[in-house]
Amino acid sequence: MLGNDSNEQDFMYYYDANGVIRGEIPVLYYRSHRLLFDNDGIMWFSASTKHFVGMNRLGKLVKIINLGDQYILHHDYALDSDGNIVSLATDLKHSDHAVQDQVIKVDTDSGEVSLLVDFGDLFPDYKQSTDHSGIDESDPTATNRWDWIHFNTIQLMDDGSALLSARETSTMIKINDIEGTPSLDYMIGEPSVWNGMDAQPSFLTKVGDSGDTGGQHSITVQYDSSLEDGQYYIYMFDNDFGYAMTRPDFDWTMIDGISTAQSSKDENSNSQFRKYLVDENAGTYTEVQDFDVPYSPYVSSAQELSDDLNLVDIGMQGLFGVYDDDGNLKAQYKMVLSSGYIYRVYQYGFRGFYFA
């Protein structure tokens, strides 16, 4: 259980399938966003906006990395092939106060932090087209922030690229050579959000008449040996919520099935588990699966557990459940919310770990 934020001591909570708590790992503040397991038996996670920590199999912290005074992490991170952390970040020294628009690399041996991408440099025309507004969810006390793209997930891919989820634009963005010379490969989403921008022609072509995403979270790249080279799946929690603080005049209702309801209690709204087949050779994406789940306009997560079972966190309702591929609910759990939401719920095996 990741991110039941409160003003008290916060934890990652570990429960088994019977709902029995098996462990509590305290964090300094903010939250952990996922667990990463390297080849040396170390489990990495965030313990604040400033700290990545590595825990060994006995539950001892053997690595504590402070990001320093320039960057804070937010929302997601991944391990690269060298065992280093690639993380979404905010540059605290950015003169225009833009937030949640950077990707950094953290060397897990030396603790050195380096900038990989400033998306304001990659998409300058889009950034300048947005209103200077927004909040920094990593720092609730911050003011005058510019949350123009708001990344919430990063997935490193086998070819050295990265796929990112941009909530503020309801777009998924693939970046080539993320740790070298980053460049835009493609986008998936509603192209009209980017009308008039240099990046607009990069959208893949949608096959079929399915709706596109609204504020999606927890995107996951899934490879399958039965697919041809250049093909893979992307699945996600699609909030189906259309809103952007920095684009107040954009009409999100043009996306089929989208909701503009701010409240998770809206009886006319649903979110979705959604899955696409991407074919880079053809330049297309096709919806291959979707089913409705309770509504959460913000946060939330999705994880395929097996060929026919999916774990879905409906974050703003404090619900998480297991669904089959047809959307039939097999089990559901509810956690009392400390403040606003459960950020993510993921299942891990912990084979070889002895702290739980």
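Two strands are said to pair if DSSP finds at least two bridges between them. Strands themselves are DSSP runs of at least two residues, labelled E and numbered from the N terminus. With those terms in place, I turn to the model.

This is a predicted model, in which local features need pLDDT of at least 70 and side-chain atom pairs count only at pLDDT 80 or more, while totals for chains, interfaces and linings use all residues. Residues are numbered from 1 along each chain as its sequence is written, and side-chain values use heavy atoms, with hydrogens and water left out.

I begin with an open sheet of four strands, ordered E11-E12-E13-E14, in which the pairing is antiparallel. Its edge strands are E11 and E14, the latter covering 183-189, and each of them pairs on one side only. From one strand to the next the twist averages 20°; for such angles, axes are lines fitted to C-alpha atoms, and values run from 0 to 180 degrees between N-to-C directions. Within this sheet, six bridges join E13 and E14 in the antiparallel sense. Lysine 174 stands opposite tyrosine 186 of E14.

A second open sheet also has four strands, in the order E7-E8-E9-E10, again with antiparallel pairing. Here the edges are E7 (71-79) and E10, each pairing on one side only. The twist in this case averages 30° from one strand to the next. Strand E9, residues 102-106, pairs with E10 over five antiparallel bridges, and valine 106 has valine 113 in E10 as its bridge partner.

Glutamine 102 belongs to strand E9. Is this residue buried or exposed? Its relative accessibility is 1%, so glutamine 102 counts as buried; the term means under 20% relative accessible area, with exposed being over 50% and partly exposed in between, for a 1.4 Å probe and protein chains only. The side chain of glutamine 102 makes a polar contact, at 3.3 Å, with the side chain of aspartate 118. A polar contact is a pair of N or O atoms within 3.5 Å; within protein, one must be able to donate a hydrogen and the other to accept it, and residues adjacent in sequence count only if both atoms are side-chain atoms. Beyond its neighbours within four places in sequence, glutamine 102 is in contact (heavy atoms within 4.5 Å) with residues including Tyr71, Ser87, His94, Leu115 and Asp118.

Next, the nonpolar cores. A nonpolar core is a set of buried Ala, Val, Leu, Ile, Met, Phe, Trp, Tyr and Cys residues joined through side-chain atoms within 4.5 Å. The largest has 31 residues, of which Val103, Phe119, Phe123, Leu164, Ile173 and Trp194 touch the most other members. At least two residues of this core come from each of strands E8 (85-91), E10 (113-118), E11 (151-156), E12 (162-166) and E13 (171-176). Which strand supplies the largest share? That is E12, with three residues. Phenylalanine 119, neighbours within four places in sequence aside, is in contact with Asp101, Val103, Trp148, Phe151, Leu164 and Ile175. Another core lies apart, with 26 residues, among them Ile42, Val53, Leu67 and Phe353.

I now come to strand E22, residues 319-324. Six of its six residues are buried, so E22 is largely enclosed by the rest of the structure. Leu319, Gly321 and Tyr323 point one way from E22, whereas Phe320, Val322 and Asp324 point the other way. In a regular strand the side chains alternate between the two faces of the sheet.

With E21 (residues 309-314), E22 pairs antiparallel over six bridges, and isoleucine 314 has leucine 319 as its bridge partner. These two strands form a hairpin with four residues between them, where glycine 318 in the turn has a positive phi of about 65°. Five bridges join E22 to the antiparallel strand E23, residues 329-334, with glycine 321 opposite glutamine 332.

Finally, strand E19, residues 284-293. Its pairing with E15 (residues 205-207) is parallel, over three bridges, and threonine 205 is partnered by threonine 284. With E18 (residues 271-279), E19 pairs antiparallel over nine bridges, and glutamine 272 stands opposite aspartate 292. E18 and E19 form a hairpin with four residues between them, in which glycine 283 of the turn has a positive phi of about 70°.
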